[in-house]
Amino acid sequence: PTSLFTSTIKAMHASNPSTCFLAFSNSRSAKKELVDSLPKDVIYSLNRDLPPGGSSDLDSRSSPSSIQLAMVDFVLLASCSFVIHSFGSSFGEEASAARTLPSLRIRRGGNIYGVDTD
């Protein structure tokens with residue numbers, strides 16, 4: 001749930017106030033909930049609105065607009081220095097593995113920190 005991400009980001013930001021976060025999700029509502037729950041100088045988000053002429057269903061994983069936006073998100077996420085993602089998220093795991101980035105997998109019952117390597 002989004003609340004697990006919110007509490008994790010708040011804790012990480014409290015220990016390092018200069019850190020900022022980028023929010024990526026294929027769910028517009030989940031991304032909006034996360035961004036709206038944190039201060040504007042802590043978290044940023046891209047692609048919150050429909051692209052010109054874009055699909056009205058950005059939550060779809062098969063529309064051309066969604067695929068294009070997902071590719072932009074993937075490249076940006078893989079460019080970050082640390083990835084926080086849902087446990088089992090292939091999107092987050094592959095983005096962190098692309099550059100062997102450390103990641104934090106958020107899950108109920110306890111988070112898992114590490115670097116994904118083969």
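K40 is exposed, its relative accessible area being 56%. In this predicted model, K40 forms a salt bridge with D36, with 4.0 Å between the closest N and O atoms. The structure holds 3 salt bridges, and K32, D36 and K40 are linked in a network of such contacts.

**Accessibility within the network**

- D36 has a relative accessible area of 39% and is therefore partly exposed, as the value falls between the limits of 20% and 50%.
- K32 is likewise partly exposed, with a relative accessibility of 44%.
- K40, at 56%, is classed as exposed because its relative accessible area is over 50%.

**The pair R105 and E93**

- R105 and E93 form a salt bridge in which the closest N and O atoms are 4.0 Å apart.
- This pair links distant parts of the chain, 12 residues apart: R105 lies in strand 4 (residues 102–106), and E93 in helix 4 (residues 90–98).
- R105 counts as buried because its relative accessibility, 8%, is under 20%.
- E93 counts as partly exposed, with a relative accessibility of 25%.

How values were computed
Residues are numbered from 1 along each chain as its sequence is written. This is a predicted model: local features need pLDDT of at least 70, side-chain atom pairs count only at pLDDT 80 or more; totals for chains, interfaces and linings use all residues. Side-chain values use heavy atoms; hydrogens and water are left out. A salt bridge is a side-chain nitrogen of Lys or Arg within 4 Å of a carboxyl oxygen of Asp or Glu. Buried means under 20% relative accessible area, exposed over 50%, partly exposed in between (1.4 Å probe, protein chains only). Helices (H or I, at least four residues) and strands (E, at least two) are DSSP runs, numbered from the N terminus.
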